[in-house]
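Dear colleague,

Please find the structure below, together with its sequence. My notes on what was found in it follow directly after.

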Amino acid sequence: MSEEQTGATSFVRIPIMQRILDNPFILLFIGVVVPTVFYIIWGIMEIVTIPIAP
Amino acid sequence: MNKELFRTCPESGLQFHKPAETLMRTNAVLAVVILLFGGITALLVTLTRWPAVHLLEASQFYQVLTLHGVNMLIFWMITFEIAVLYFCSSTLLKCRLATPRIAWLGFALMLIGIVVNNAAVLNGDASVMMTSYVPMPANPNFYLGLILFAVGALLGCFVFLGTLIIAKEEKTYEGSIPLVTFGALTACIIAIFTIASGAVILIPTYLWSIGYINNIDAAMYRLVWWALGHSSQQINVAAHVSVWYAIAAIVFGARPLSEKVSRTAFFLYIAFLQIASAHHLLVDPGLSSEWKIFNTSYAMYLAVLASMVHGLTVPGSIEVAQRAKGLTNGLFEWLRKAPWGNPVFSGMFLSLIGFGFIGGISGVVMGTEQINIIIHNTIYVPGHFHATVVIGSTLAFMSLTYFLIPVLFRKQVMLPGLAKIQPYLFGIGMMVFTMAMMGAGTLGVQRRHWDMAFTDAMIGFDYPASAYTFMGVVGISGVAAILGGAAYVLVTVLSVFFGKPVGSESSFGFTTSTLTRAEPVVMPEGGHEAAGKWGFAAPGTFLLAMFFLVIFVLYYAVNWKYLASVWPIS
């Protein structure tokens, strides 16, 4: 019996990477968080921990 | 869908949403006006750094250099990119633009910001250059203009994202968005990070300049400012790579060798391209080697890998398309018989070569902590970024313009003979210019110093005579490139405002090739590999890639050898 006859719909599993690449807001999240954490926050932590000259 | 709001270009088949079309045109025209102004300042800067001419006084030089930097690196690029974002969303996805009124508000803020910022610099009390490092103060309007421009550009980015949502909801495309639109999305995401970083640092700096804040920490400023200053150039990279893919499809009907690989490369840009900003801070005290090396020599290399993927797949896709049309003799018939008289192609290909061979390789050298010290803060640095931003981005945008004049503005390209030679004059002039700058920088010539002779300095310093020769070459090639830029502005302005309308019988003014979109490539019998050689679908591109890698390794190794000689360990 075909899918049309049973009314069932075929389910194609979309790979996780493609789902990420197809979602602009996940990409936006990654594109903001990665540089913010590794470049800005890590850098600020290093600068604020410089001891103040006596 | 209200069809009255849409126009289909009879030649290209592209569908334009009329409000979006007007916005694209307006942004593009404003961008070219800024380019004209930036080009005039470029001439003045070049004629001052040319030792035999040394045109401007010191105070004028820094004022003009500030105008040149801000207008070219921020205003021209981002204004043109907003037009590209609207094109890549509304036109390529065949849908209406989201909230045109918000887009107009963004445009107005950008325009006001440009005027306010330039007026502050022209007034003479904001000659702080683009970096505007604190505690060097500028007129508050300098920062205010940048903030207004950034807010306007941010609105443009949100309009782009909104248009993607509309296209998805109205199902104007199937599956994933086209690769060119995905590249524009990459540019948009980088732009949002860039603008947010700019807001984080420029708003407090503005408050400091009007007296509401006592102090801005210089190290903190540099850290956050470069997330704006360098990442803004990464918007350009993502945008011009998208333009490369678009032009390969427009001129040759080429399709990417692998959509998955190209999208993954753009994904690497999204995640890792912005942190390359760290290479500006490689000699800053206070930041650890771990931070510097992770950000520049580990994570950044993933973005470099992405650029090499694009640099391989774009010419590779062109080669496959050309071979499918029967240009299969030898390794390079496909390239030899490419439409070199069509500025859409020639500009794009020179952009690709210059960006990869000059900008890309020098960028990796600058991003390596140890060998960066050889050239840090020398004129090598502008040599590098003129290769990426001017040859890479500006030339790619120029080549796209020759396609957009008939398709978007519905005008024939005027002075077609000049348009044909323009990419060569501009591109080759800039290649010589950038390499001469790098040569001078390797000899230690400072990047921003008004007088390399240090006349009347208490402690003098004599550069070798060859440094003066290099700077002379910088002057000559710079003037040649500026003439190429002037030719672009002339052709564009004449075509857009005085050009003959494109009619159904028009030929776009070119005789060697048309600017219509090529038919998609048909798979040859036996597959693309059968049209190639040695089992490769694109053997010529593979050989070019190997040549690139050899140059890359040699230049990298030479710099380590040079480091050993300038800093002997005994």
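Y143(B) lies in helix α4 of chain B; helices here are DSSP runs of H or I with at least four residues, strands are runs of E with at least two, and both are numbered from the N terminus. Please note that this is a predicted model, in which local features need pLDDT of at least 70 and side-chain atom pairs count only at pLDDT 80 or more, while totals for chains, interfaces and linings use all residues. Residues are numbered from 1 along each chain as its sequence is written, and chains are lettered from A and ligands numbered from 1 in the order in which they are written.

Is Y143(B) buried or exposed? Y143(B) counts as buried because it has 27 C-beta neighbours inside 10 Å. The term buried requires 20 or more other C-beta atoms within 10 Å of the residue's own, exposed means 12 or fewer, and partly exposed lies in between, with C-beta atoms placed from the backbone. Leaving aside neighbours within four places in sequence, Y143(B) is in contact with A138(B), L202(B), T205(B), Y206(B) and S209(B) (contact means that the C-beta atoms of two residues, placed from the backbone, lie within 7 Å). The C-alpha atoms of Y143(B) and A120(B) are separated by 9.2 Å, and these two residues are 23 apart along the chain.

Helix α3 (residues 100-122) of chain B packs with α4(B) at an angle of about 160°, and their axes are 7 Å apart. Axes are lines fitted to C-alpha atoms, for helices over the stretch in contact, and angles run from 0 to 180 degrees between N-to-C directions.

Chain A itself has three helices and zero strands, and buried residues make up 15% of its 54 residues.

Helix α9 (residues 289-324) of chain B holds E319(B). E319(B) is buried, because 31 other C-beta atoms lie within 10 Å. Beyond its neighbours within four places in sequence, E319(B) is in contact with W334(B), A538(B), G540(B) and T541(B).

Finally, chain B is divided into domain 1 (9-252), domain 2 (255-338 + 537-563) and domain 3 (346-452 + 461-502 + 509-519), with bounds from an automatic or database domain assignment. The C-alpha centres of domain 1 and domain 3 of chain B lie 19 Å apart. Their contact takes 41 residues from domain 1 and 38 residues from domain 3. On the side of domain 1 that touches domain 3, α1(B) gives the largest share, 15 residues.

Yours sincerely
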